[in-house]
Amino acid sequence: MLITSRNILAAIGVLLSGYILITKNYNLSPYMLINLGIFMVVIGLLELQKSKQSFWGYTCIVISYYAFYVSIQGFLI
């Protein structure tokens, strides 16, 4: 299930970023960052399932917190 959601989130991210680049409509950037945050959480969970002491799993989860923070700032501005 995590692998399927990873693929779906990756496709949504590519489509959103492509749409933002083509139309120059940067109002959708917070949505792309939320998608990136969820995507990084899923990648972190997949890495932690492989190995409980995976450095990259915890790193991905910390990066997702930062992406969520930046997306919230984007919504507030």
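Colleague: Lys 24 lies in the loop between helix H1 (2-23) and helix H2 (29-50). Is Lys 24 buried or exposed?

Modeller: The model is predicted. A residue counts as exposed when its relative accessible area is over 50%. Lys 24 has a relative accessible area of 55%, so Lys 24 is exposed.

Colleague: How many helices and strands does the protein have, and which pattern does the protein follow along the sequence?

Modeller: There are three helices and zero strands. Read along the sequence, the pattern is α-α-α.

Colleague: What does the C-alpha trace of the protein span along its principal axes, and what share of the residues is buried?

Modeller: The C-alpha trace spans about 40 × 25 × 15 Å. A residue counts as buried when its relative accessible area is under 20%. Of the 77 residues in the protein, the buried share is 27%.

Colleague: Which share of the accessible surface belongs to carbon and sulfur atoms?

Modeller: The accessible surface of the protein comes to about 5500 Å². The part belonging to carbon and sulfur atoms is 73%.

Colleague: Of the contacts with a separation of 6 or more, what percentage comes from residues 24 or more positions apart?

Modeller: Contact here means heavy atoms within 4.5 Å. Among contacts with a separation of 6 or more, residues 24 or more positions apart account for 56%.

Colleague: Are H1 and H2 roughly parallel or roughly antiparallel?

Modeller: Two packed helices are described by the angle between their axes and the distance between the axes. For H1 and H2 the axes are 9 Å apart and the angle is about 155 degrees. An angle over 145 degrees counts as roughly antiparallel. H1 and H2 are therefore roughly antiparallel.

Colleague: Which residues take part where H1 meets H2, and how do they divide by class?

Modeller: Leu 2, Leu 9, Leu 16 and Ile 20 are among those from H1, and Met 32, Phe 39, Leu 45 and Gln 49 are among those from H2. By class, the residues of this contact are 15 nonpolar, six polar and one charged.

Colleague: How far apart are Leu 45 and Leu 2, C-alpha to C-alpha?

Modeller: Leu 45 is in helix H2, and its relative accessible area of 37% makes Leu 45 partly exposed. Leu 45 and Leu 2 are 43 residues apart in sequence. In space, their C-alpha atoms are separated by 8.2 Å.

Colleague: At what angle do H2 and H3 cross, and is the crossing left-handed or right-handed?

Modeller: The axes of H2 and helix H3 (residues 55-76) come within 8 Å and cross at roughly 165 degrees. H2 and H3 are therefore roughly antiparallel. Their contact has 18 nonpolar, six polar and one charged residues. The crossing at roughly 165 degrees is left-handed.

Colleague: Gly 44 is in helix H2. Is Gly 44 buried or exposed, and which residues is Gly 44 in contact with beyond its neighbours within four places in sequence?

Modeller: Gly 44 has a relative accessible area of 0%, so Gly 44 is buried. The C-alpha atoms of Gly 44 and Cys 60 are 4.9 Å apart, although 16 residues separate them along the chain. Leaving aside neighbours within four places in sequence, the contacts of Gly 44 are Gly 57, Cys 60 and Ile 61.

Notes: Residues numbered from 1 in each chain as written. Predicted model: local features only at pLDDT ≥ 70, side-chain atom pairs only at ≥ 80, totals over all residues. Heavy atoms only, no water. Helix = DSSP H or I, 4+ residues; strand = E, 2+ residues; numbered from the N terminus. Buried < 20%, exposed > 50% of the residue type's maximum accessible area, 1.4 Å probe, protein only. Areas by Shrake-Rupley, 256 points an atom, 1.4 Å probe, with all protein chains shown as cover. Axes fitted to C-alpha atoms, helices over the stretch in contact; angles between N-to-C directions. Parallel < 35°, antiparallel > 145°, perpendicular 65-115°, else oblique. Left-handed = near helix turned anticlockwise from the far one by under 90°. Nonpolar A, V, L, I, M, F, W, Y, C, P; charged D, E, K, R; others polar.
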